[in-house]
Amino acid sequence: MGPRVIICFSRLMIVKIISIGNKLNSWESKSIEHYKKQLPRNISINFINMKTNQNPKFSKSEILKRESAIILPKIIKEDYIISWDLAGDQINSLQFSDLIANCQKINKTICFIIGGSFGLSSKIKELSDRVLSVSSMTFPHKIFKLILIEQIYRAYSIMNKTPYHK
């Protein structure tokens, strides 16, 4: 593997995080804000939180269908869409940083999609440019959002060669 080439960009990078789940409580919001504040000023993180459609009256497939119906209108075809799924590809932090850098280089908004507790429909995964998995373990959505924002911060630390990522 050759040397990594890091290019810093000055144009605005937009990152959307579409998520099914409940609102964050105060400690979760504070933790996420901690990392957001440390990101470069040209990075805009937009959370789009949508209420779950879970109801004991609905089957798993019906819930996935209903949740897809509220996620799909939020997706812009031109975005680089990354869905999170247990069966997705696992990549390391350096590869994640490269993925973000490449999107920034081609001026693509990154749209991360986090499904409800039943995951995402096959339709959303098929629309995705990448389907990733952070681990084969299951995390609560509130903690996963924190993991994701930390990894975005780590990615920019890698790109800018700051000591955060060792």
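Two strands count as paired here if DSSP finds at least two bridges between them. With that settled, let me start at strand 1. Keep in mind that the model is predicted.

Strand 1, residues 13-20, runs parallel to strand 2, and the two are joined by eight bridges. Within that pairing, I20 sits opposite M50 of strand 2. Strand 1 is also mostly covered, with seven of its eight residues buried.

Is S19 buried or exposed? Its relative accessibility is 1%, and the cut-off for buried is under 20%, so S19 counts as buried. What does S19 touch, if we set aside neighbours within four places in sequence? The contacts are I48, N49, M50, I114, H141 and K145. As a general point, side chains in a regular strand alternate between the two faces of the sheet.

Next, the nonpolar cores. The largest has 28 residues, and the members that touch the most others are W84, F96, F112, L148 and I152. Several elements supply at least two residues each to this core: strands 1, 2, 3 and 4, together with helices 1, 3 and 5. Which element gives the largest share of this core? That is helix 5, with eight residues.

F96 is worth a look on its own. Leaving out residues up to four places away in sequence, F96 touches W84, I91, F112, L132, L148, Q151, I152 and A155. There is also a second, separate core of ten residues, and I20, M50, I113 and I124 are among them.

I100 has a relative accessible area of 2%, which is why it is classed as buried. Beyond four places in sequence, I100 contacts M13, I110, I152, A155, Y156 and M159. For a sense of distance, I100 and W84 are 16 residues apart in sequence, and their C-alpha atoms are 15 Å apart in space.

On to the largest pocket. The space in it comes to about 550 Å³. Its lining has 27 residues, and those nearest the centre are G115, G116, T138, F139 and H141. H141 is also one of the contacts of S19. What is the make-up of the lining? The residues divide into twelve nonpolar, twelve polar and three charged. Strand 3, residues 80-89, and helix 5, residues 141-159, each give at least two residues to the lining. Helix 5 gives the largest share, four residues.

Last, backbone geometry. Most residues other than glycine have a negative phi. Which residues have a positive value here? N107 is one of them, with phi near 60 degrees. N107 lies in the loop between helix 3 and strand 4, and a relative accessible area of 51% makes N107 exposed. K161 also has a positive phi, about 55 degrees, and is not a glycine. K161 belongs to the segment after helix 5, and with 66% relative accessible area K161 is exposed.

That is all I have.

Conventions
Residues numbered from 1 in each chain as written. Predicted model: local features only at pLDDT ≥ 70, side-chain atom pairs only at ≥ 80, totals over all residues. Heavy atoms only, no water. 1 Å grid on protein atoms, 1.4 Å probe; cavity = no way out; pocket = protein on both sides within 12 Å on 5 of 7 lines; lining within 4 Å. Points joined across faces, edges and corners; volume = space filled by probe spheres on them. Nonpolar A, V, L, I, M, F, W, Y, C, P; charged D, E, K, R; others polar. Core = buried A, V, L, I, M, F, W, Y, C linked by side-chain atoms within 4.5 Å. Buried < 20%, exposed > 50% of the residue type's maximum accessible area, 1.4 Å probe, protein only. Contact = heavy atoms within 4.5 Å.
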